[in-house]
Amino acid sequence: RRSWGDGEVGALLTGHPLVDMVGFTGSTATGQKILNTASKTLKPVVLECGGKDPMVVLEDADLDLAAKDAVAYSLANCGQVCCAVERVYVAASVAEDFENRVKAEASKWKVGDGVNPDTTIGPMASRLQRDIVHSHVTKATQAGARCVLGGELPGSSERGNYYPATVLADVPHGALRDEETFGPVVALSTFDGSDDAAVALANDSRYGLTASVYSQDLKRAGAVAARLAAGQVGVNTNPLSGVRSIRCPFVGHKESGYGTHSGFDGWRQFSTPKSLIYAEAPADDAVPAVARGERRGPAVPPVAAVAAFAAGVLITLAATRRA
């Protein structure tokens, strides 16, 4: 059930003993508050929080595909998506070519009334958010970035919280690293082309929600993807594209989340396991309906159970010592 109200209402709901679990999608700051209030009753919490999601374009990438995805997943829904691409790291050897392709692609996105079929970028959620986006663009250009498309507030006579499709190039790494822009901005930065540099730049953030890697060498792309500190990493695609299976858990690393939703791992977090132990195996009709599909094999003799437990402890200790 959804309830509307201020922070005090939220604190009462998330901390109330009659609330068994809290699932939340929103800012990291609010997620931290929820985790604090929910801890008073030790209820389970699943948080999907902020992101500053990186995209890595290696020099052997399909540049047309990468440019289209960089634009699409930066500008979709005016960039107001927790998993939007907010940082694009491009190998220096292909940066100029990639920039031209991105500019051409982003130029196709038209700002206007959302009911107009020709519109691809409607109004933002609020004037406040629009102004935050513009402040980020200004901050980046003041730090040395080039604005190659958009980047201007609409005239005072224009109604609506609109912001144009914007492309920034040569964005210094630290300029737009720590705060979500949450707006229609494609932010391009360059790196020396090495895998180590790409991983270091992409991981240098307090967030870790999604990421993506583009390269026609799938072995190399997979190796880079495995090193990225993010819950979902796409290889030549965005993790939220139609390729993603619903079986995949959705999880945020670092300050992007707590717990898991979606997939079997996520669904299990929305339930609490319970074991029913019988002295002797009951007939099927004596087992509660909710447990019938979860019956396990024959009972384990106490001696065997103790031996298995001891073996598990020894294995754990051995693994710890090896580590």
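Two strands count as paired if DSSP finds at least two bridges between them. Keep that in mind for the exercises below, and remember that this is a predicted model.

**Exercise 1.** How many bridges join strand E6 to strand E7, and do the two run parallel or antiparallel?

*Solution.* Start with E6, residues 166–169, and E7, residues 185–191. Three bridges join them, and the cut-off for pairing is at least two. The two strands run parallel. To find your way in on screen, pick Thr-166, which stands opposite Val-185 in E7.

**Exercise 2.** In what order do the seven strands of the open sheet lie, and which strands stand at the edges?

*Solution.* Walk across the sheet and you get E5-E6-E7-E4-E3-E9-E10, with mixed pairing. Strand E5 (146–149) and strand E10 (232–235) are the edges; each has a single partner strand, so one side of each has no neighbour in the sheet.

**Exercise 3.** Describe how H6 and H7 cross, and say which residues meet.

*Solution.* Two packed helices are described by the angle and the distance between their axes. Here the axes of H6 (residues 195–203) and H7 (residues 218–227) come within 10 Å and cross at roughly 35 degrees. The crossing is right-handed. On the H6 side you'll find Asp-195, Asp-196, Val-199 and Asn-203, which meet Arg-220, Val-224 and Arg-227 of H7. Sort these contact residues and you get two nonpolar, one polar and four charged.

**Exercise 4.** Which residue forms a salt bridge with Glu-59, and is each partner buried or partly exposed?

*Solution.* Glu-59 pairs with Arg-220, with the closest N and O atoms 2.9 Å apart. Glu-59 sits in the loop between E3 and H3 and Arg-220 in helix H7, 161 residues apart, so the pair links distant parts of the chain. Now apply the cut-off: buried means under 20% relative accessible area. Arg-220, at 18%, is therefore buried, while Glu-59, at 34%, is partly exposed. Finally, zoom out: Glu-59, Asp-60, Asp-195 and Arg-220 are linked in a network of salt bridges.

Key
Residues numbered from 1 in each chain as written. Predicted model: local features only at pLDDT ≥ 70, side-chain atom pairs only at ≥ 80, totals over all residues. Heavy atoms only, no water. Axes fitted to C-alpha atoms, helices over the stretch in contact; angles between N-to-C directions. Helix = DSSP H or I, 4+ residues; strand = E, 2+ residues; numbered from the N terminus. Left-handed = near helix turned anticlockwise from the far one by under 90°. Contact = heavy atoms within 4.5 Å. Nonpolar A, V, L, I, M, F, W, Y, C, P; charged D, E, K, R; others polar. Salt bridge = Lys/Arg side-chain N within 4 Å of Asp/Glu carboxyl O. Buried < 20%, exposed > 50% of the residue type's maximum accessible area, 1.4 Å probe, protein only.
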